[in-house]
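Here are my notes on this model, point by point. Please read them with the structure open.

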Amino acid sequence: MSNGGDDLSWRVERTCHRAWPSLAEEVIGDWVLRFAAGHSRRANSANPLCAVGGDIGALIDAAETRYAAEDLPTIFRIPTLLPPEIETQLNARGYVPEGETITLYGGLHPMPMRRDPDVVIDPHPTDIWLAAMSGLQGHSQTRAQSYRAILARLEIPAAFLMFRIDGAPAAMAYGALHDGLLFLESVITAEALRGRGHASRLLGALMGWAIEQGAGGVCLQVEAGNNVAQKLYRGMGLTRELYRYRYWRGPAVSK
């Protein structure tokens, strides 16, 4: 779904960018090249800063040179907010699409903070929180270190939540605030405890926190094929699909 120059969509794009920072960035015209040691495509890809069109041949050349220098694949993240000609040019250069993702949005309405004694909310990722998140996501040591480094780059208000059962982490997430929007990130439930409403309880507390901070909307990005997660988020009020995006991965570079 494309909304062209929808201001809300680009507000969400900027919030997403700020809520999941990269370790380094280089701006080339209306695009930003993001680098984070290979941790996630979102933080290691070329992203548009506005609804840019036209010939991107020189940009592709520059991106391929820079990502090759970092020993990373060249990936472009292309939202449906851009004209189709951008994907056409990437396709012509041998790039292939992957990872279609939906951007969802919902309004937040004033209400009292929903206190929950079993949901711990911290303004920063503690060592306990980071270790628990790495455990639930099955991070390797290298991936855990890069995840920690990415969160250390956060420059906007955030909340890091953990819902415990008998002292063990059952559900976790964090949220970050920018431009009146709460962006939900790293939402996960322990595999053996899924389908029991723990994530809903956690997200309810996170949304309540955001309302207390003055946020008026909540957004997130979820893989198009993850129907279970979409059902959860839509049930929490994120019922409006703003746009989608795909990653375009360049041909492997022979060494």
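1. Contact here means heavy atoms within 4.5 Å. By that rule, and leaving out residues up to four places away in sequence, Phe 76 touches Trp 31, Ala 46, Leu 59, Ile 60, Ala 63, Leu 90, Tyr 95, Arg 246, Tyr 247 and Trp 248.

2. Some ground rules. The model is predicted: local features need pLDDT of at least 70, side-chain atom pairs count only at pLDDT 80 or more, and totals for chains, interfaces and linings use all residues. Residues are numbered from 1 along each chain as its sequence is written, and side-chain values use heavy atoms, with hydrogens and water left out.

3. Cores next. A nonpolar core is a set of buried Ala, Val, Leu, Ile, Met, Phe, Trp, Tyr and Cys residues joined through side-chain atoms within 4.5 Å. Buried means under 20% relative accessible area, exposed means over 50%, and partly exposed lies in between (1.4 Å probe, protein chains only). The largest such core holds 49 residues. Trp 31, Phe 76, Leu 90, Trp 129 and Leu 151 touch the most other members. Helix α1 (residues 7-19) supplies the largest share of this core, five residues. A second, separate core has 31 residues, including Ala 159, Leu 177, Leu 182 and Leu 203.

4. Helices and strands are DSSP runs numbered from the N terminus (helices H or I, at least four residues; strands E, at least two). Which residues of helix α4 (residues 127-137) are buried? They are Trp 129, Leu 130, Ala 132, Met 133 and Ser 134. An α-helix has 3.6 residues a turn, so residues three or four places apart point the same way. The cover over the buried residues of α4 includes α5, β7 (158-165), β8 (168-178) and β9. Gly 138 follows α4, and its phi is positive, near 70 degrees.

5. On to the largest pocket. A pocket is an open set of points on a 1 Å grid over the protein atoms alone, where a 1.4 Å probe fits, with protein on both sides within 12 Å along at least five of seven lines; lining residues have an atom within 4 Å of a point. Its volume, the space filled by probe spheres set on the points (joined across faces, edges and corners), is about 1,200 Å³. Of the 36 lining residues, Ser 186, Val 187, Val 222, Asn 226 and Tyr 233 are the closest to the centre. Elements giving two or more residues to the lining are α5 (141-152), β9 (181-189), α6 (198-212), β10 (217-223), α7 (227-235) and β11 (240-249). β9 gives the most, with seven residues. The lining divides into 16 nonpolar, 13 polar and seven charged residues. Here Ala, Val, Leu, Ile, Met, Phe, Trp, Tyr, Cys and Pro count as nonpolar, Asp, Glu, Lys and Arg as charged, and the others, Gly among them, as polar.

6. Salt bridges: a side-chain nitrogen of Lys or Arg lies within 4 Å of a carboxyl oxygen of Asp or Glu. The count comes to 15. Arg 249 and Glu 98 meet at 2.9 Å, N to O. This pair links strand β11 to strand β5 (residues 96-107), 151 residues apart. Arg 249 is partly exposed at 28%, and Glu 98 is partly exposed at 22%.

7. Arg 148 and Asp 127 form another salt bridge, at 3.1 Å, N to O. It joins helix α5 to helix α4, 21 residues apart. Arg 148 is partly exposed at 41%, whereas Asp 127 is exposed at 53%.

8. Glu 26, Arg 66 and Glu 70 are linked in a network of salt bridges. Within it, Glu 70 and Arg 66 meet at 3.5 Å, N to O.
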